[in-house]
Amino acid sequence: MTPTPDKPAIGALLADHPVIDGHNDLMWTMRDLNDYDFEAYDVGERQTQTHTDLPRMRDGGVGAQFWSVFVPCREGERSVTSTLEQVDATYAMIARYADRLALATTADEVEAAWRDGRIACLMGAEGGHQIAESLAVLRMYHRLGIRYLTLTHNDNVSWADSATDEPVLGGLNDFGRDVVREMNRIGMLVDLSHVSHDVMRDTLDTATAPVIFSHSSAYAVCDHPRNVPDDVLARLAGNGGTCLVTFVPRFVNQAVRDWARGAEVRAVAEGVDPRDIPALQAVEKAYQEEVPHPPAYLSDVVAHLEHVRDVAGIDHIGLGGDYDGVDWLPEGLEDVTGYPRLLAALRDRGWSDDDLAKVTCRNVLRTMRAAEDVATGG
């Protein structure tokens with residue numbers, strides 16, 4: 001049963017400690033819907049074709065969002081151009097709704113947006129292929145406001161292995177370590193969602209600043225390779241980083257994970273690469289008609305949050321829903337209004353308001369400031 005939030009109590013908590021969510025794919029969804037036409041699809045009003053719009057973000061207590069400026073690996077030589085188009089669309093959205101949104105590139109700017117009554121907008125690039133093997137491109141992304149880079153997406157890059165590809169390097173190569181060092185130097189967060197477990201370990205061996213997982217959960221609870229193993233979670237305290245637990249059903253519910261594995265077997269048999277998300281989704285749709293997927297629940301996400309808390313510590317947890325990056329979500333977390341229900345469930349299990357404030361925003365703000373301090377020598 002989905003918890004009903006104690007509205008005054010949860011509302012008061014979120015008023016003081018809004019959610020900073022680590023990953024939302026609205027920009028890519030807008031590209032698919034209508035090539036970023038915010039007039040035709042006005043996210044300033046309540047909508048039905050996406051998980052996200054500004055009224056529902058307010059209802060969900062979202063105070064800051066890392067918008068994913070994602071392009072798939074199949075973009076190839078257009079990856080940099082397509083990334084810039086995503087950045088441009090994010091700027092256009094912020095300008096269109098300037099009374100409700102504000103660009104933020106630092107923790108201080110996030111809090112300044114809150115004082116103005118606006119939702120802070122940050123950006124993260126979701127794949128190392130988007131820098132085209134160029135540290136100069138990485139630096140230019142940072143100048144444009146991108147504040148994290150996910151080292152890989154679903155495919156390996158030449159310098160890092162992906163969680164969902166066949167390992168080639170066994171972690172990072174020398175250039176991959178240079179990427180991590182350069183990100184630390186300029187103050188861009190290293191995002192370890194999507195990377196292999198060995199890349200996670202190599203990065204922690206290399207990094208001098210805190211890392212994040214923008215949208216990952218616990219491997220010990222659900223054995224999807226996108227999730228974080230306990231030995232890596234245990235190192236977050238020493239690194240100062242934060243694991244932003246995601247809501248993706250196949251990452252949080254083992255029965256859904258097992259169902260998805262069956263769909264991947266079907267895809268391979270049909271000559272479809274499971275890393276090709278649209279092609280895999282088409283196979284899954286047909287597979288669903290034969291073998292309906294099991295449900296996922298808000299309680300599954302609670303289980304991951306509690307496991308990450310127990311292994312990494314309460315100071316190293318956040319939220320990264322992956323809204324508009326998946327077809328469906330757990331019951332109780334169907335769209336961006338779900339965060340108060342999740343917080344209510346945690347409170348019912350004995351989490352204090354101080355714990356909840358760390359999960360909603362304080363841990364992410366601390367991680368951001370620590371990365372900024374490494375870059376400035378503070």
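**Cavities and a helix pair**

The lining of the second largest cavity holds six nonpolar residues, one polar residue and no charged ones. Keep in mind that this model is predicted. The residues around this cavity are F66, L189, I212, L244, V364, T367 and M368. Helix α16 gives the most to this lining, with three residues. The space inside is about 40 Å³.

How many cavities of 30 Å³ or more does a search of the whole structure find? The search finds two. The largest cavity has about 50 Å³ of space. Its lining is made of T105, R147, G187, L189, M368, A371 and E372. By class, that lining divides into three nonpolar, two polar and two charged residues. Here too α16 supplies the largest share, again three residues. L189 and M368 line the largest cavity, and L189 and M368 also line the second largest cavity.

Now follow α16 to a partner helix. Helix α16 covers residues 353-376, and helix α5 covers residues 107-115. The two pack with their axes 8 Å apart, at an angle of about 140°.

From α5, the residues in contact are A107, D108, V110, E111 and W114. They meet C361, L365, M368, R369 and E372 of α16. This contact has six nonpolar, no polar and four charged residues. M368 and E372 belong to this contact, and M368 and E372 also line the largest cavity.

Conventions
Residues numbered from 1 in each chain as written. Predicted model: local features only at pLDDT ≥ 70, side-chain atom pairs only at ≥ 80, totals over all residues. Heavy atoms only, no water. Axes fitted to C-alpha atoms, helices over the stretch in contact; angles between N-to-C directions. Helix = DSSP H or I, 4+ residues; strand = E, 2+ residues; numbered from the N terminus. Contact = heavy atoms within 4.5 Å. Nonpolar A, V, L, I, M, F, W, Y, C, P; charged D, E, K, R; others polar. 1 Å grid on protein atoms, 1.4 Å probe; cavity = no way out; pocket = protein on both sides within 12 Å on 5 of 7 lines; lining within 4 Å. Points joined across faces, edges and corners; volume = space filled by probe spheres on them.
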